[in-house]
Amino acid sequence: MNVYLAEFIGTALMILLGNGVVANVVLKGTKGNNSGWIVITTAWALAVFVGVVVAGPYSGAHLNPIVTLGLAIGKGFDWALVPGYIGAQILGAMVGSFVVWIMYKDYFDATDDQGLKAAPFATAPAIRNYSSNLVSEIIGTFVLIFVIFYFTDASMGTKEETTPIGLGSLGAIPVAFLVWVIGLSLGGTTGYAINPARDLGPRIIHAIIPMKGKGSSDWAYAWVPILGPIIGSSLAALAYLALHMK
């Protein structure tokens, strides 16, 4: 295991479970059909938890290019590692979404609505207005990165003398809760991509797989869940730096 393989595997697992719940909820004939937004947001939070548990000890479990970008800007993460991290995340997202298609292929084939066929791969806005869609992604990503900057390791003792407490896999819970509340509170406008790899990788898979009755991969919208998170992450990192200037 190395940092890039950890990012690849962690992202693939996250997308398999995250996009998998979307397929379970929206595709015709599944056991979870029409089970609703709370199911999607909860499973996505748990998907993040799973990815972080696996990748965390090896790579820090970014699983998201804008986490990597934000940490490089605001926390001194090595810029030389950024391209490799992002490449691994995109490839992991592609593999995870491909496995979702394999698992749910019969249900993709049974679903006539082309929008529902695309939903388990990439995000789409509830109301298409590119400027407000972009703002939604900026705000959601800003919250994600800004709060991540304030995550701390558990410890006990006085302010002067503290002893770290290893939480093991439980250390992944805070980011899962964070993604959960972003989805519940801010996700209804665009489907809260807040992760360019989560959107771009699966969108590429949607474009190339031989899906029965497949519609457009909606490349006209694809720039929003890429640019919005980049802006939101950069603003969060700059805000953090401004608040902690010495």
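Select Y104 to begin: at 14% relative accessibility, Y104 counts as buried, where buried means under 20% relative accessible area, exposed over 50% and partly exposed in between (1.4 Å probe, protein chains only).

The model on screen is predicted, so local features need pLDDT of at least 70, side-chain atom pairs count only at pLDDT 80 or more, and totals for chains, interfaces and linings use all residues. Residues are numbered from 1 along each chain as its sequence is written, and side-chain values use heavy atoms, with hydrogens and water left out.

**Aromatic rings**

Rings of Phe, Tyr and Trp (its six-membered ring) pair if their centres lie within 6.5 Å; planes under 30 degrees apart count as stacked, over 60 as edge-to-face and the rest as tilted. The structure holds 13 aromatic pairs. One of them is F98 with W101, a tilted pair with 5.8 Å from centre to centre and 55 degrees between the planes. Both residues lie in helix α4, three residues apart, about one turn of the helix. Helices (H or I, at least four residues) and strands (E, at least two) are DSSP runs, numbered from the N terminus. Is W101 buried or exposed? W101 counts as buried because its relative accessibility is 6%. F98, at 36%, counts as partly exposed.

Return to Y104 and Y107: these two form an edge-to-face pair, 6.1 Å centre to centre, with 65 degrees between the planes. Next select F142, F146, F149, Y150 and Y240, which ring pairs link into a cluster.

**Residue H62**

Now go to H62, in the loop between α2 and α3. H62 is buried, with a relative accessible area of 8%. Which side chain does the side chain of H62 meet in a polar contact? Show T68: the two side chains make that contact at 2.8 Å. A polar contact is a pair of N or O atoms within 3.5 Å; within protein, one must be able to donate a hydrogen and the other to accept it, and residues adjacent in sequence count only if both atoms are side-chain atoms. Leaving aside neighbours within four places in sequence, H62 is in contact (heavy atoms within 4.5 Å) with E7, V67, T68, L71, F77, Y85 and Q89.

**Helix α9**

Select residues 196-208, which are helix α9. At 1.5 Å a residue, its 13 residues should span 18 Å, and the end C-alpha atoms are 18 Å apart, which agrees; the expected span is 1.5 Å times one less than the number of residues. At the start of α9, a side-chain oxygen of N195 reaches to within 3.0 Å of the backbone nitrogen of A197. The buried residues of α9 are P196, A197, R198, D199, G201, P202, R203, I205 and H206. Colour the helices against which these buried residues pack: α1 (3-26), α2 (37-59), α3 (65-74), α4 (82-103), α6 (114-118) and α10 (224-243).

**The whole chain**

Zoom out last. The chain has ten helices and two strands, in the order α-α-α-α-α-α-α-β-β-α-α-α. Along its principal axes the C-alpha trace spans about 65 × 35 × 35 Å. Buried residues make up 46% of the 246 residues. Among contacts between residues at least 6 apart in sequence, 77% join residues at least 24 apart.
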